[in-house]
Amino acid sequence: RGARVLGLDRHHPPHDQGSSHGETRITRQAIGEGMEYVPLALRAHQLWREIEAESGETLLRQVGALLISAPALGGVHHGKHDFLEQTLAAASAFAIPHEILTPAEVRARYPLLRLANHEVAYFEPGAGLVYPECCIAAELALARSHGAKVRLGEAALAIEPDGGGVRVVTDSASYEAARAVVCAGPWIGGLLGGPFEALQLHRQTQHWFEPDDPAAFAPDRFPVFIWMHGRGEGEWFYGFPRDPDRGGVKIAAEQFATITADPDSLDRLATKAEAQAVHARHVAGRIEGLPPAWLRSAACVYTTAPASRFIVGPDPARARVIAVSACSGHGFKHSPAIGEAVAAWALENERPAILAPFGPDNLYAG
């Protein structure tokens, strides 16, 4: 776009200190969190392919995804009590290819998955996974190749008005710009203050188990899945095919009961005991051939807004500052589309329609 751009990060991305690591992230096109997210997901898939073509990296694998739920129970996911129904509605509204499968049909296609008789599965062939560390590395390399300056290991301490623009003060320098885009994740409350201090931080864990037959969990034989098996917010889990390079089938759940006050004090050591608890609660009896043979675990942090919404909009306290957080644990799949739209906003001084539903007023939602 011909702009002079400086990127600052207190760490050295791709890193494991925020919400964009853990080897894989699910990407879906029919978004059960709300219709307003679907245009972001569709555009993001186009952009992943463009970034792949320019970088030569493999970033998106459309292995297909299953969303498993019991309609009579009304499975809860990211604050939505009708997540399956919302996903179906989004698929229909945007003509996204999909199927509804019975337990027998799922077992015929994926023999390792043991659905209960009262469960059904939504299958989306265009869904799959992205590799967050690879995506970030490729994007930073392309940014630099197009002239962006990137300063890493430099923490922003304050953002101040500066005439008609802004001044960013770091732990080693200060910089003036026409606009600032703040994507500080769990640190955004401390940096911008005000309503952003109301965001909640939730520690999450991810775990890898080695299957009995690794080939049976290969990406061409096993899907990405989200499995809602009860009524409550914590009664669901998700997983991926086996990683062909590092090994292990990644399984994770989410928790929102425990709130972390300070991102720098987050316990980043996920333990074998946590992995075994996730396996016993969710995996046992549902996935054949995946014993609790623990390989490794990782922790991350969700920066969560009320109702698990996105926050992408102007900082109420600072003109010419665009805040891009929180994404409430389901943002990475949309990230290139958000980035494209925010770049247009920063340079053209007009909010793109695709971002209109995600302003900071979500911080005051009930």
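A residue counts as buried here when its relative accessible area is under 20%. By that cut-off, 52% of the 366 residues of the protein chain are buried in this predicted model.

The overall build comes next. In secondary structure, the protein chain has 7 helices and 19 strands. Its radius of gyration is 20 Å, close to the 21 Å given by the globule rule for 366 residues, so the protein chain is as compact as a globular protein of that length. Along the principal axes, the C-alpha atoms take up a box of roughly 65 × 40 × 40 Å.

Contacts show how the sequence is brought together. Among contacts in the protein chain with a separation of 6 or more, 72% are between residues 24 or more positions apart.

Strand β10 covers residues 165-170 and strand β11 covers residues 174-177. The two strands run antiparallel and are joined by 4 bridges. One of the residues to look for is Val 168, whose bridge partner in β11 is Tyr 175. Together β10 and β11 make a hairpin, with 3 residues between them.

Definitions and conventions
Residues numbered from 1 in each chain as written. Predicted model: local features only at pLDDT ≥ 70, side-chain atom pairs only at ≥ 80, totals over all residues. Heavy atoms only, no water. Rg over C-alpha atoms; globule rule 2.2 N^0.38 Å. Buried < 20%, exposed > 50% of the residue type's maximum accessible area, 1.4 Å probe, protein only. Contact = heavy atoms within 4.5 Å. Pairing = 2+ DSSP bridges.
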